[in-house]
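Here are my notes for a first look. Please read them with the model open.

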Amino acid sequence: MTSMTFNQPRNAGVLAMPLSVEGVDDNDPAGHVPRDLLINGTRIVIPYWIDPVPNDELWVVLRQNGVEHRLYTEFYPTPLTVPFLYFDLTAQHLATDGIAFLYYKIWKGSGGTDDPSPERQLTIDHTPLLTLEEPWFRHATLRGYLNNDTNPPLTSGATVVIPSFINIALPGDIAKVHWRGYSSLNGSGPEVPGTYGVWDKQLSAADIANGFDHVVPFLVHISPLFDYDSAVVVCQLFRGGWLIAESEKGLVKIDRVIPGESGPSGLNDGEIEMTALEQVTFKARPKAPRLGGDGAGVFAISISVDTIADDFIPKSQVDTGKIVIALARFTEEEELDDLDIYAAVEGQTLTQIDYKVLGPIADRTDPILLELDVSKFPELSQPADPTAYEVRVIVYKGGAGNDDPSNVVRIVRDDNPPFGVKYPSKRLNPPTPLPTFVNAPVDAQRLVNEAWMQLPANANLDFTLPVTYPLRRADDELEVHLVSGGVDIVAFKGTITGSFSVPNAELRKLPNGRVMIHYFWKDHVGNLSASSVPAALLTLGLALDPVLHKAPLVPVTDPNGTTTIYLDEFFANKVSSIVERAFIDNAEPGDEITLLVEDASDPTNFKQLGPQPLAAADLTFSLPYPAFFADLFGASTDAMEFKVWFELVRGAKLFPSPELFFWANLYAPGGLYPELPNPTNPAFVFPVVTGASNTPNDLLPGDRDKPGKFTVTLGITDPPITSAETAKCYINNKLVGEYSPFADATSFVVDIKTADITALPTPTVPAHWTRQRTGIDKNVISSNPETVQVKGKRIDLLQPTIRIRNPTLKDQMDCFAMNNATTAWVLAVGIPKDAVNLPPGKVITVHFAAYSDATYTTLIPGTPDSKPYTIQAVGTVDVATVASAANFKAAQPTLGSKAWAKVWYEADIGGTQTSIELQKPLDTITSSGEYCDRLVVPAT
């Protein structure tokens, strides 16, 4: 890559070598960045410096609008041996329009000595290209063809009309005309190799005002295109080497094949190679003894001529200037074989007209093609009939005297078209008479309107025409033209016996007004007569064809189809398409509108709605999901591009609108289900929510101040969650956690924060989970909600009390705490008043238990007891009773037994709530070795 200094240096002295930017012309000081680089990015090329040392430091800097952005900072601990360093200059680096400057700086050994390069100016411009008018083709037919009837002949080249550049171009701008050939009729598929051409033209003021014509040469660019082919022309406008405008594509169809023939007509010199044949001057020979007759036996040498019915030479072959005789390969071939060619008007003596050397055997084709100049077979001016010739070839083995005559073939030359005369000079006469319009309208103006067209008797325009002209053959072809307003159409083409019909639909190809008729006769050879004298046929007053200017709208994709449609829009019934009435011209009563939606990559995958009658207002088509987009999208897991258009239906004719392309992503994570587009999939498994108590879907009071778990276990037939998906967990419609696996997963657990559990209301909340593509909050599919029971938050009820005689000296539970120790012997438990949590009438449960250790871990069997108690009215002391002699004696069954007891109570307040426990040593044995009831305590 050549480097050069683009701008004045930023400081004096010697600078580092200039950098380059790949794809930006080094000879353009302004550094215009081509559009493809603005989209795809490019690379910065920095020549490696001459004297590298260890730890060199490199900065690559972009300065724009007075602000410097350091793009790269690189260190090179070890000097390199490369000629260039490459750094990406991305589309993001080039995102801001305007002038930018790019340079680099080397800090030698990462020290304080810097070596800056010259700045490279870059001109960044994302301005959309202006649109030029579409090129068109001056000599194309109404159907857009260049063919054998093109005038001037297609071999003279194709004339492309480049429209004016008013309000776009300036004198001196450069117009580039690009021509590309395709082996399809619509300019699609791969280009035909060798057909591409591009031509520059510097525009003058006249070119800008009027446009200009450009002739594409036949050879190279058009000659490979002949059968069901096409070409596309695009014009680009450059100013100062910078592309500023581009035209729409101009399309022309190319067909140079004549029906019934194997190749293109109009071949130029060099298009048929005769490498195995050499034409030389006549070789003197004695007259062949067998020339006058066929001789005896079977001819070993066989020739043929490609003729049509009755041995006529087709005009397409005559127009090439050559008549080709096919000589079959023979048995005894030698390198020096040559031949004489004899011909004569049928009935006259054959005379030699040519001599040819066949050339090396290895180069001979099969058959050998002998080209003879058409002038050797002139059509005689008299008689009026065509001129027939006989032709024979005599092969001389090795060029010596052993002659081998061929069969005699007959060829007929006919250059005289119907109604033409050859004597005393060739002349074309217009054919007569005019066709008789059998079912013509009866009014003076012969007005053909829609009412006339709809009559069953007028499905065709019926004509009669005499066919008794001189030398007519039954296979002569009639070609009838209808003309109106400068538009000329071929309304009928074929053989007739005296009458013909033209479908009345042909009239719709013409503009309204006076319609003229004229016709030609073409004989079976291909000679075309002169045109008949044009005559008025009828007055056309049909409804004009509708003109559809605009594609239908799909509002949820605005602007211009750039917004993707998701299941969400279908669920909200927001997806519709609107046909705007204001953009339809020439509408008629009875017109109907059909809307079509098609997979942009598969034309067989489409749906349609309608038809709807076209009215004065816009038409709205609701685009459904079931049995419509669900079918179009199928089982795709990726977004799909669709196109929508409408067709105006008038009778049997369809008029399509422009197309709108848009994207839809209707993939439902977790599998398809009948209820789509409803985002709730009833087949999704229910989640399981647990708290610290591990009770499924039931959060107890003791769980409310601790974290929990959200668990999902997919069913056997459920598709696993992929690494491209995210599952989200919700309790009471609040997101409490997310899960996205590194590999496919069939179950997952998400931790629930304590704060989320604490904040839940009672008595129940819903819990559900969703699946979606990671990073896209669309097509989010949800499970049905699971009901989770939520108990109230934990309330530490006040600690109960017992009677203690001397808490300072002996803080324990003993007989003093009992009621009627000598009789009923129950523990009296004081319940503190709590108007908020324990209102009058609240039923609580009082509990007692005894343990054999002071840590209260080893429960003594037979000691636990529970009793209900109802809270009394305000002002009444609450004293509950619990346990009995049996419980206490189980705690201290023998003398010397030690026990520790605890008392507490529970209440249902949004779930079971527990009081603070009262824990005391238990001693129900008196100093006399008796229980509180005065019964003796066993010694053992």
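1. Start with Cys729. Its relative accessible area is 0%, so Cys729 is buried. Bear in mind throughout that this is a predicted model.

2. Cys235 is another cysteine to find. With a relative accessible area of 1%, Cys235 is buried. The cut-off for that word is under 20%.

3. How many disulfides are there? The count is one. Cys815 and Cys932 form the bond, with an S to S distance of 1.6 Å. A pair of cysteine sulfur atoms has to lie within 2.5 Å to count. The link of Cys815 and Cys932 is left-handed, at -90° about the S-S bond.

4. Which parts does this pair tie together? Cys815 sits in the loop between β57 (813-814) and β58 (818-819). Cys932 belongs to the segment after β65 (918-923). The tied parts are therefore 117 residues apart in sequence.

5. Now check the cover over each partner. Cys815 has 24% relative accessibility, so Cys815 counts as partly exposed. Cys932 has 2% relative accessibility and counts as buried.

6. Turn to charge. Glu332, Glu334, Glu335 and Asp363 make up a negative surface patch. Where is Asp363 found? Asp363 lies in the loop between β23 (351-357) and β24 (368-373). Its relative accessibility is 38%, so Asp363 counts as partly exposed. Patch residues need over 30% relative accessible area and no salt bridge.

Note on methods: Residues are numbered from 1 along each chain as its sequence is written. This is a predicted model: local features need pLDDT of at least 70, side-chain atom pairs count only at pLDDT 80 or more; totals for chains, interfaces and linings use all residues. Side-chain values use heavy atoms; hydrogens and water are left out. Helices (H or I, at least four residues) and strands (E, at least two) are DSSP runs, numbered from the N terminus. Buried means under 20% relative accessible area, exposed over 50%, partly exposed in between (1.4 Å probe, protein chains only). Patches are made of residues with over 30% relative accessible area and no salt bridge: like charges are joined within 9 Å, nonpolar side chains (Val, Leu, Ile, Met, Phe, Trp, Tyr) within 5 Å. Accessible areas come from the Shrake-Rupley method with a 1.4 Å probe; for residues, only the protein chains shown count as cover. A salt bridge is a side-chain nitrogen of Lys or Arg within 4 Å of a carboxyl oxygen of Asp or Glu. Lys and Arg count as positive and Asp and Glu as negative; His and the chain ends are not counted. The place of a charge is taken as NZ of Lys, CZ of Arg, CG of Asp or CD of Glu.
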